[in-house]
Amino acid sequence: MLMDRQKGSLLVVDVQTRLLPAIADGEAVLANCSWLVGVARRVGVPVVVSEQYPQGLGPTAAPLREAAGDARVVTKTHFSCVSDGCLDGTEVDARRQVVVVGTEAHVCVMQTALELRWQGKEVFVVADAVGSRKAVDREIALARMRSHGIEVVTREMVAFEWLKQSATELFREVNRDFIRDN
């Protein structure tokens, strides 16, 4: 199945100030999450941002929060956004497809993605926009999610599938502002 911007949403899981420094390649994960949020906003895909116990892990990292603009921010204490109920009434809840990014891949991202899949959603996890403290945890989480029918994709796969074609002004804008030289 292909990602469709008319059916999709972008869920950014727990990219928070006190957790991010411990994430392997954390700066790249943050950059790729911010990039995807920018693309989503440009093509009209709704964005929801979750924060795990922000009193302890801090708020969403500033560059990402800036990129997200007026995106809905939900807080939680369960590792899974689904178990917590924080996605109820959001665009993630309302739409059939969910693109998931964030941290940690083997905890909050994986538990959320699995439960979204079990709810019948089409779930896509962006390999270059998820991270864990240890690389092995990230790799095993991606493999486990894939074995449960979750599509593992890259940020550019998301962008090009949301765009669908090149002969549009929207493609030219996204190509100029996000794809070329990034």
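## Names for the pieces

Helices (H or I, at least four residues) and strands (E, at least two) are runs assigned by DSSP, and they are numbered from the N terminus. With those labels in hand, let's look around this protein, keeping in mind that the model is predicted.

## The whole protein

Nine helices and six strands make up the list of elements in this protein. Its radius of gyration is 15 Å, close to the 16 Å that the globule rule gives for 182 residues, so the protein is as compact as a globular protein of that length. Along the principal axes, the C-alpha atoms fill a box of roughly 45 × 30 × 30 Å.

How much of the protein is buried? Buried residues account for 53% of the 182 residues.

Two packed helices are described by the angle between their axes and the distance between the axes. Start with helix H1 (residues 26-43) and helix H9 (residues 169-179), which pack at about 160° with their axes 11 Å apart. Angles over 145 degrees count as roughly antiparallel, so that is how H1 and H9 run relative to each other. Their crossing is right-handed. On the H1 side, Trp35, Gly38, Val39, Arg42 and Val43 make the contact, and on the H9 side it is Leu170, Glu173, Val174, Asp177, Phe178 and Ile179. Sorted by class, this contact of H1 with H9 has seven nonpolar, one polar and three charged residues.

Now turn to helix H8 (residues 155-163), whose axis comes within 10 Å of the H1 axis and crosses it at roughly 5°. Angles under 35 degrees count as roughly parallel, so H1 and H8 are roughly parallel to each other. In this pair, Asn32, Trp35, Leu36, Val39, Ala40 and Val43 of H1 meet Arg155, Glu156, Val158, Ala159, Trp162 and Leu163 of H8. The contact of H1 with H8 has nine nonpolar, one polar and two charged residues.

## Closing the trio

How do H8 and H9 pack? Their axes are 10 Å apart, at an angle of about 165°. That makes H8 roughly antiparallel to H9, and H8 passes H9 in a right-handed crossing. Glu156, Phe160 and Leu163 of H8 meet Leu170, Phe171, Val174 and Ile179 of H9. By class, the contact of H8 with H9 has six nonpolar residues, no polar ones and one charged residue.

With a relative accessible area of 18%, Asn175 is buried, because buried means under 20%.

## An enclosed helix

Ten of the 14 residues of helix H6 (residues 105-118) are buried, so H6 is largely enclosed by the rest of the structure. Among the buried residues of H6 are His106, Cys108, Met110, Thr112 and Leu116.

Both ends of H6 have something to show. In the loop between strand E4 (97-103) and H6 we find Glu104, and the peptide bond from Thr103 to Glu104 is cis, with omega near -20°. Just after H6, Gly120 takes a positive phi of about 100°.

Most residues other than glycine have a negative phi, and most peptide bonds are trans. Asp14 has a phi near 55°, which is positive although the residue is not glycine. Asp25 also has a positive phi, of about 55°, and is not a glycine either.

Where are Asp14 and Asp25? Asp14 lies in the loop between strand E1 (8-13) and H1, and Asp25 is in the loop between E1 and H1 too. Is each one buried or exposed? Asp14 counts as buried, at 1% relative accessibility, whereas Asp25 is exposed, with a relative accessible area of 63%.

## A strand residue and its contacts

Our last stop is Val152, found in strand E6 (residues 151-153). Leaving aside residues up to four places away in sequence, Val152 touches Val125, Ala127, Leu142 and Arg146. Val152 and Asp128 are 24 residues apart in sequence, and their C-alpha atoms are 9.6 Å apart in space.

Terms used: Residues numbered from 1 in each chain as written. Predicted model: local features only at pLDDT ≥ 70, side-chain atom pairs only at ≥ 80, totals over all residues. Heavy atoms only, no water. Axes fitted to C-alpha atoms, helices over the stretch in contact; angles between N-to-C directions. Parallel < 35°, antiparallel > 145°, perpendicular 65-115°, else oblique. Left-handed = near helix turned anticlockwise from the far one by under 90°. Contact = heavy atoms within 4.5 Å. Nonpolar A, V, L, I, M, F, W, Y, C, P; charged D, E, K, R; others polar. Rg over C-alpha atoms; globule rule 2.2 N^0.38 Å. Buried < 20%, exposed > 50% of the residue type's maximum accessible area, 1.4 Å probe, protein only.
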